[in-house]
Amino acid sequence: MSDRPLEVLVPDDLGVEVLGATPGLQPVRYRPGHPWPADHTDVTAVVVGHEDAAAVGARLAELPRLRLVQTLNAGYEQWLPLLPAGVTLSNGRGAHGGSTAEWVVAALLAIYRDLADFRADQQAGQWRPRFTETLIGKRVIVLGAGDLGENLAARLAPFETEVTLVGRTARPGVVTADDLPALLPTADAVVSVLPASASTYRIIDAAFLAQLRDGAVVVNAGRGGAVDTDALLAELRAGRLRAALDVTDPEPLPAGHPLWSAPGLLLTPHVAGSTAGSEQRAWAVAARQLTEYAAGAAPSNVVVSGQATPR
């Protein structure tokens, strides 16, 4: 290993600031969609942002010594077809799980405590006290047992809910999709925090929804494709189910789409992780991953394993 700092191409000024203050790392600013800095095409690590995947990905092959691509967010599916052979991909797991889980809790509370209706009463100048539902005692099924799922379970625990995590493999505290037929009929809410993949596409379809009890709540804070939009719309229009969506299929949601006016739906524009300090948290995760890599180890957030030697 060399004693020289590890040069890392970064897409914004905050990255220059954070990595510049991290021992062993030397950030070099690049501009997405533009050629790489001419004197730094021999770098082995690049950090990629939330946008411009096609423009940046098209130029990754122009870095002959590239060994690591580090993302700033947990979702990484857009980078898979753009990743050169043999290059490691590490994601931003751990940066946004807490804020996304917070959105889910807020959405469930808004629905169960009828906050939208009380707001309407306020605007109408009506004083209408009444009983509402509560999170206390609710049975919540969480599809996804990674960082997001674990953060959500931790934040729901103080509300005295019964949380079941569903993951790819069974382990203490986690069941698999094989257990869903027994779980869904008794669930009060199902929350998807799944990534986009062939196995998760429309996993919440008409057959899945039909197993839920009347009045159950469907929440999606992962990727829009996990939910069959037409099937969910049918249930919402029938008044049988309720839902909260931060992500949709299609996305962004076009004007005039039926989800805009669907009954029983709380809809937000993919903002669950968009909170104060989110960029700083993302860069803190990236700095840890790059420090591990500079020390000769594989980053702990590796999702595609390639050549792990930094130089």
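Visitor: In which loop is Pro250 found?

Guide: Pro250 sits in the loop between β11 (242-245) and β12; strands here are DSSP runs of E, at least two residues long, helices are runs of H or I of at least four, and both are numbered from the N terminus. This is a predicted model, with local features needing pLDDT of at least 70 and side-chain atom pairs counting only at pLDDT 80 or more, while totals for chains, interfaces and linings use all residues. Residues are numbered from 1 along each chain as its sequence is written, and side-chain values use heavy atoms, with hydrogens and water left out.

Visitor: What kind of peptide bond joins Asp249 and Pro250?

Guide: A cis one, with omega about 10 degrees. The loop between β11 and β12 also holds Pro252, and the bond from Glu251 to Pro252 is cis too, omega being near 0 degrees.

Visitor: What makes β8 and β12 edge strands?

Guide: Look at the order of the open sheet of seven strands: β8-β7-β6-β9-β10-β11-β12, with parallel pairing. β8 (174-175) and β12 (265-267) each have a single partner strand, so one side of each is left without a neighbour in the sheet.

Visitor: How do you know that β6 and β7 pair?

Guide: Pairing takes at least two bridges found by DSSP. Strands β6 (residues 139-143) and β7 (residues 162-166) have five, in the parallel sense, so they count as a pair. One of the bridges joins Val140 to Val163 in β7.

Visitor: Which residues make up each domain?

Guide: Domain 1 covers 6-94 + 277-304, and domain 2 covers 97-267; the bounds come from an automatic or database domain assignment. Their C-alpha centres are 33 Å apart. Six residues of domain 1 and four of domain 2 take part in the contact, meaning heavy atoms within 4.5 Å.

Visitor: How much area is buried between domain 1 and domain 2?

Guide: About 390 Å², 45% of it from carbon and sulfur atoms. That is the accessible area (1.4 Å probe) lost on putting the two parts together, summed over both. On the domain 1 side, Glu77, Arg93 and Gly94 lose the most, together 71% of what that side buries.

Visitor: Why is Glu77 with Arg223 called a salt bridge?

Guide: The rule wants a side-chain nitrogen of Lys or Arg within 4 Å of a carboxyl oxygen of Asp or Glu. Here the closest N and O atoms are 2.8 Å apart, so the pair qualifies. The count between the two domains is one salt bridge.
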